[in-house]
Amino acid sequence: MDYLKILRAEEQLQYIKDMRPLLRKRALFSDTTEDYVTPSQPRKYDMVRIRFRAGLDNIDRVYLVCNGTKILMSKAFSDELFDYYETDYQLENERIYYYFEVQAGRITCYFDTRGVQKQPDEYYRFSIIPGFSTPEWAKGAVMYQIYVDRFCNGDPSNDVLTNEYVYIGNKTRKVEDWYEYPDKMDVHRFYGGDLQGVLDKMDYLQELGIDVIYFNPLFVSPSNHKYDIQDYDYIDPHFGKIVHDEGELLGDGASDNIHATRYIDRVTNKENLEASNALFVKVVEEAHRRGMRVILDGVFNHCGSFNKWMDRERIYENAEGYQKGAYVSAESPYNTYFDFSDKGRWPYNGSYDGWWGHDTLPKLNYEGSRNLYDYILYIARKWVSPPYNCDGWRLDVAADLGHSPEVNHQFWRDFRRAVRQANPNAIVLAEHYGSPHDWLDGEQWDTVMNYDAFMEPVTWFLTGMQKHSDDYRQDMLGNADAFFGAMRYHMENFTMPSLYVAMNELSNHDHSRFLTRTNHVVGRMNNLGSEAANRGVNKAVMREAVVIQMTWPGAPTIYYGDEAGLCGFTDPDNRRTYPWGREDLEMIAFHKEIIRIHKENQEIKTGSIKFLVGEYNVIGYGRFNREERTIVVVNNNDHEFSEELSIWELGIPKETTMKRLLYTTENGYDTQEEWYPVKNGKMLFTLPAHSAIVLKHKNHTQEKENETMRHRWIF
């Protein structure tokens, strides 16, 4: 008996639909890139077009479910693999959240930022913030972090001298051997790096392919790290220019900076300060001439005990042209800048609030002083305006500023507004651990240093190490589920404008060097010594990490010296000098190639991302737009990996070829162009131990390439 004949007429059509090939779940896709949201950075009250992709003739209908409203989407166009559905949505002035409901026969599923799901989850909804945009130049920009004292000494005449002053109980020391390791107590030791050294190495930075220089703090400060600002108005003359140099060093028995007259002259004399600011103008102009941007480090939660507003060290007490500091006098105009617990202790009142109890880091009291509040906003505008024309701020411990969440959020709204009014193309990015969701609302920070959705997942997956080298976890090493799970979860804190410009670092001044983490040694220089950070490192794993860094959504940020093979445990050992003359030249050459690939392929900078494979010690993903597709596969095993992977879901034709852009192995890397076949939408990947491959496909006829390609299936 023909079963169809006995069905009711209305059931026949449904039965036939249900007998079609199963729903191609991997064809379903959307995100908030410009291919799926137009305009990609809509203004308030814009009409926005939202798009969804499905397999060709594979679904019946799809709904946009936005802020509780269910909207049927219309099929707009198709290509050889997919149907594309669209709907227009009228924005107001508030953030929207949405997901998709897909129906195919009797099947109903949902699509959110995790992909296809049986039920949607509010946490994983797509999101658009009307009116929120980030600078175009910063999207996918290659940044380079310079810790100035350790980068290059271009002007020995401005070096901090031995016994120039006292800081945290230690007299300053000028380190004569550029290659000497940092000391356990290192803040008072100086190697002489300066802005002239940066100017001298501009050719190097340009040849490396750098788009943005991010400077650790440059303002007047007694430490080499300069997160204890002494004067926000001026570049430190030890980094800049010393044109007037009088006074005495501290003698053997001296321990009071009142007598550090050489230092006082160097950092309070306006000739030195103005000359240093002028040199900085030259640095920014030279960077801009070469197509590079400059970002400053803003330390606005706290200042330093040397600060002219506090003057605990009495540097400014008798200096010409300065008012009395809050520590010195009850009549100081700066008393409200700080929170003093004992109002009757002057002169020399040390009862101020220090950040985390550190009396060398007085916490700034925004709630108690409108003058302070306004002055820091003036500083925010000053350095992004002529003649300095910096391109943005990185904000130190930004979530800690103020004494309440209300003041913190209001200050950053005012800060961003002030910066953008002065320089509409400037960026505001923050140091932050944990969820930045409450600050990435389009009115405060543009983005963050991306610990949770980049540094930590990459470090755990490739090395099994905690980012300070304080722990090793075998269960995290090679754990692809944990890697992709962390990435999905933490990337939810970003909208696409924030994600594109997130600072993706492998190392920085607060954590161990990534190359050191590859040796799986748990510890710090205090108990192991600096040499232990150099032993047993795995450069092949470092290359894998850099491949991920340069192909993941965001702004890849190189910590100076990482590209030259620099090692180091967490601070201060991570603040070693750049190894001029002792560089790992092969590692530098590798960075140049992968940076070039990053910059030449727009889909890597602003395209979509789709996870392709996640197995033990193996991850693979695609970066793509409508015209171009890049595939990245990383094998972190100590043995070969081989598997046939489906890649058609990136929009790659089922019968075509792909060009190899880069291939790394345990022995090095290769950028020789080779072509590989795709059969029935799949490709066989066979990768040796500790290797990575980057492949490219474009929407164009490849017949000529097919004629000459070398048919290989094993990489």
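This is a predicted model: local features need pLDDT of at least 70, side-chain atom pairs count only at pLDDT 80 or more; totals for chains, interfaces and linings use all residues.
Q: Good. Which strands form the open sheet, and in what order?
A: Four strands make it up, in the order β1-β2-β6-β5, with antiparallel pairing. Strands here are DSSP runs of E with at least two residues, helices are H or I runs of at least four, and both are numbered from the N terminus. Two strands pair if DSSP finds at least two bridges between them.

Q: And which are the edge strands?
A: β1 and β5 (74-78), each of which pairs on one side only.

Q: How many bridges join β2 and β6?
A: Nine, in the antiparallel sense, with β6 covering residues 82-90. Arg49 stands opposite Asp88 in β6. On the β1 side (residues 37-38), β2 pairs over two bridges, and Val37 stands opposite Ile50 in β2.

Q: Why is β2 largely enclosed?
A: Seven of the nine residues in β2 (residues 47-55) are buried, so the rest of the structure largely encloses this strand. Buried means under 20% relative accessible area, exposed over 50%, and partly exposed in between (1.4 Å probe, protein chains only).

Q: Switching topic: how many residues has the largest nonpolar core?
A: It has 143 residues, and those with the most contacts inside it include Phe215, Trp393 and Trp552. A separate second core of 51 residues includes Tyr85, Tyr89, Val633 and Ile652. A core is a set of buried Ala, Val, Leu, Ile, Met, Phe, Trp, Tyr and Cys residues joined through side-chain atoms within 4.5 Å.

Q: How many aromatic pairs are there?
A: The search of the whole structure finds 62. One of them is Tyr263 with Phe306, edge-to-face at 6.2 Å centre to centre and 85° between the planes. Rings of Phe, Tyr and Trp (its six-membered ring) pair if their centres lie within 6.5 Å; planes under 30 degrees apart are stacked, over 60 edge-to-face, and the rest tilted.

Q: Where do Tyr263 and Phe306 lie?
A: Tyr263 lies in helix α4 (residues 261-268) and Phe306 in the loop between β19 (293-298) and α6 (370-382), so the pair ties together parts 43 residues apart in sequence.

Note on methods
Residues are numbered from 1 along each chain as its sequence is written. Side-chain values use heavy atoms; hydrogens and water are left out.
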